[in-house]
Amino acid sequence: MNSYHQRHKGERCFIIGNGPSLKDTDLSKLEGEITFGMNRIYLAFDQMGFVPTYYLSINDLVIEQCLSDILALPMPKFLSWRSHRFFTLPPDDRTIFLHTTYTGPKFATDARGRLWEGATVTYVALQLAFFMGFDQVILIGVDHNFSTQGKPNSTVVSQGEDKDHFHANYFGKGFRWQLPDLETSERAYRMANEAYKRAGREILDATIGGKLQVFPKIDYTKIFA
């Protein structure tokens, strides 16, 4: 992790969420940008035409069910330390374990310590991006809106096509996943927003049609003008 500290000082990056809005987002424009992909983002690689700079996943259910796909990814991969129990072979040198936790709400500026998960992998990505030194972080695909209802954080089994993500098979039939906790996520996002502001940095939300109202909005199509 030491080699990633301030590696991208003064640069910008894009954190790619996994919401349905990705289907309406021209991801090809991100080629050549520094990007973070998360969870099952690899299902969009054909649409993107490139692979993200970094990959991140912290959810036990995602890592357990998709480990072979994740291990095949060519970029540096940041995974929760809990997931090491799913490995039958030692991880390669592109796999970095993060000490994430469900408790102790805070925004960690040093990713070498414990990182509060804030009920969303995107929040961990924001802490990691801060640690790497990015001045500007732009979110896309963070729709912050789910049609599937139920008790937050409870585990369910998908009964059919996934309408809450960019791909019908993202959490397709039979996939075990945890229902979102949008209230906790918003709390975490507000903490991230304040931390970036205090440091003279910024987080912008370029999600097309996104429901999140924490970060300043920016028109995705105008970023590359």
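Me: What order do the strands of the open sheet have?
Reply: This is a predicted model. Its open sheet has eight strands, paired in parallel, in the order S6-S5-S4-S3-S2-S1-S7-S10.

Me: And which are the edge strands?
Reply: Strand S6 (114–116) and strand S10 (202–205), each of which pairs on one side only.

Me: By how many degrees are neighbouring strands turned against each other?
Reply: On average by 30 degrees, with direction ignored.

Me: How many bridges join S2 to S3?
Reply: Three, between residues 35–38 of S2 and residues 54–57 of S3. Within that pairing, glycine 37 is opposite tyrosine 55.

Me: Helices next. Which strands does H2 touch?
Reply: Helix H2 (residues 60–71) packs on the sheet against S3 and strand S4 (77–80), and its direction is at about 150 degrees to that of S4.

Me: What about H3, which strands does it lie across?
Reply: Helix H3 (residues 121–132) lies across S1, S2, S3, S4, S5, S6, S7 and S10, and it runs at about 150 degrees to S2.

Me: Now the inside. Which residues have the most contacts in the largest nonpolar core?
Reply: Phe36, Leu56, Phe78, Leu126 and Val137, in a core of 40 residues. H3 gives the most to this core, with 10 residues.

Me: What is phenylalanine 36 in contact with, sequence neighbours within four places aside?
Reply: Its contacts include Cys13, Ile15, Pro52 and Tyr54, and also Leu128, Ala129 and Met132.

Me: How many residues are in the other core?
Reply: That core has 34 residues and lies apart from the largest one; Phe45, Cys66, Leu73 and Phe175 are among them.

Definitions and conventions:
Residues are numbered from 1 along each chain as its sequence is written. This is a predicted model: local features need pLDDT of at least 70, side-chain atom pairs count only at pLDDT 80 or more; totals for chains, interfaces and linings use all residues. Side-chain values use heavy atoms; hydrogens and water are left out. Two strands pair if DSSP finds at least two bridges between them. Helices (H or I, at least four residues) and strands (E, at least two) are DSSP runs, numbered from the N terminus. Axes are lines fitted to C-alpha atoms, for helices over the stretch in contact, and angles run from 0 to 180 degrees between N-to-C directions. Contact means heavy atoms within 4.5 Å. A nonpolar core is a set of buried Ala, Val, Leu, Ile, Met, Phe, Trp, Tyr and Cys residues joined through side-chain atoms within 4.5 Å. Buried means under 20% relative accessible area, exposed over 50%, partly exposed in between (1.4 Å probe, protein chains only).
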